[in-house]
Amino acid sequence: KQLRANVASVSREVGNKYVNVSNVTTSLGKICDHSFAAKASASAIVVCKPESGILPYLISFFGTPKFKEKNCKVAVIDGSVIENDAQAVIALADQLMERTASSNFALNTELLESSFRNSYRDTSPVIILINDVHSFASKRRQIFLYLLLDLMQRKDLLFMVRFCVATNDV
């Protein structure tokens, strides 16, 4: 509760406006509601200052009863910890599947597709929070992002991706 209260009171300057972190999650909640009602995958980018504490707040937000009653699965991928695309796919498959993911990239991709297909069929949301997404943007580390973006185009799969970018340039 204390973390939520502290982070909710954090605001950041965007141009000449101040945006409260709780307003960001309200907007994300609306995007999720609309996306899952329409059975359409979607993504959003949250840009904030490093000290904003947005990731713990988002994890807490997507763990609220509103999302738990929908059997929502939340997976967190931290670009500052994961060293390559294969590890990111393994970590994601590990969090979404009932069994431990293998080290095989193709098999884990199939496991992710299966999880997203089940989400579409059961309308049970899958939300992926990617922290430090910019670390996946280097030329040799783009496979993971392109994989998710390609899967989002499939009409038989359903999931949401929230990219978190921490920068002092906000």
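**Notebook: aromatic pairs, a helix face and cysteines**

I started with phenylalanine 136, which is buried at 0% relative accessibility; buried means under 20% relative accessible area, exposed over 50%, and partly exposed in between, with a 1.4 Å probe and protein chains only. This is a predicted model, in which local features need pLDDT of at least 70 and side-chain atom pairs count only at pLDDT 80 or more, while totals for chains, interfaces and linings use all residues. Residues are numbered from 1 along each chain as its sequence is written, and side-chain values use heavy atoms, with hydrogens and water left out.

**Overall layout**

I noted seven helices and six strands in the protein chain. Helices (H or I, at least four residues) and strands (E, at least two) are DSSP runs, numbered from the N terminus. Read from that end, the order is α-β-β-α-β-α-α-β-α-α-β-α-β. Of the 170 residues, 43% count as buried.

I also looked at contacts, meaning heavy atoms within 4.5 Å. Among those between residues at least 6 apart in sequence, 69% join residues at least 24 apart. The chain exposes about 9,100 Å², and carbon and sulfur atoms supply 53% of it; the areas come from the Shrake-Rupley method with a 1.4 Å probe, and for residues only the protein chains shown count as cover.

**Aromatic rings**

How many aromatic pairs does the structure hold? I found three. Rings of Phe, Tyr and Trp (its six-membered ring) pair if their centres lie within 6.5 Å; planes under 30 degrees apart count as stacked, over 60 as edge-to-face and the rest as tilted.

One of the pairs is phenylalanine 116 with phenylalanine 159, stacked at 3.9 Å centre to centre with 15° between the planes. This pair links distant parts of the chain, 43 residues apart: phenylalanine 116 is in helix α6 (residues 105-122), and phenylalanine 159 is in the loop between α7 (143-152) and β6 (160-166). Phenylalanine 116 is buried, with a relative accessible area of 0%, and phenylalanine 159 is buried at 0% too.

Back to phenylalanine 136: its ring and that of phenylalanine 144 have centres 5.2 Å apart and planes at 45°, so I logged the pair as tilted. Phenylalanine 144 is buried, at 0% relative accessibility.

I then checked tyrosine 120 and saw lysine 39 over its face, 4.4 Å from the ring centre. A charge sits over a ring if NZ of Lys or CZ of Arg is within 6 Å of the ring centre and within 35 degrees of the ring normal.

**Helix α3**

Which residues of α3 (residues 54-61) are buried? I listed Ile54, Leu55, Tyr57, Leu58 and Phe61.

**Cysteines**

I found zero disulfides, a disulfide being a pair of cysteine sulfur atoms within 2.5 Å. Cysteine 72 is buried at 16% relative accessibility, and cysteine 164 is buried at 1%.

**Two loop residues**

Serine 124 is in the loop between α6 and β5 (126-131) and is buried at 17%. Not counting residues up to four places away in sequence, serine 124 touches Lys70, Asn71, Asn118 and Ser119.

Methionine 97 lies in the loop between α5 (85-96) and α6. Leaving aside neighbours within four places, methionine 97 contacts Leu111 and Ser115.
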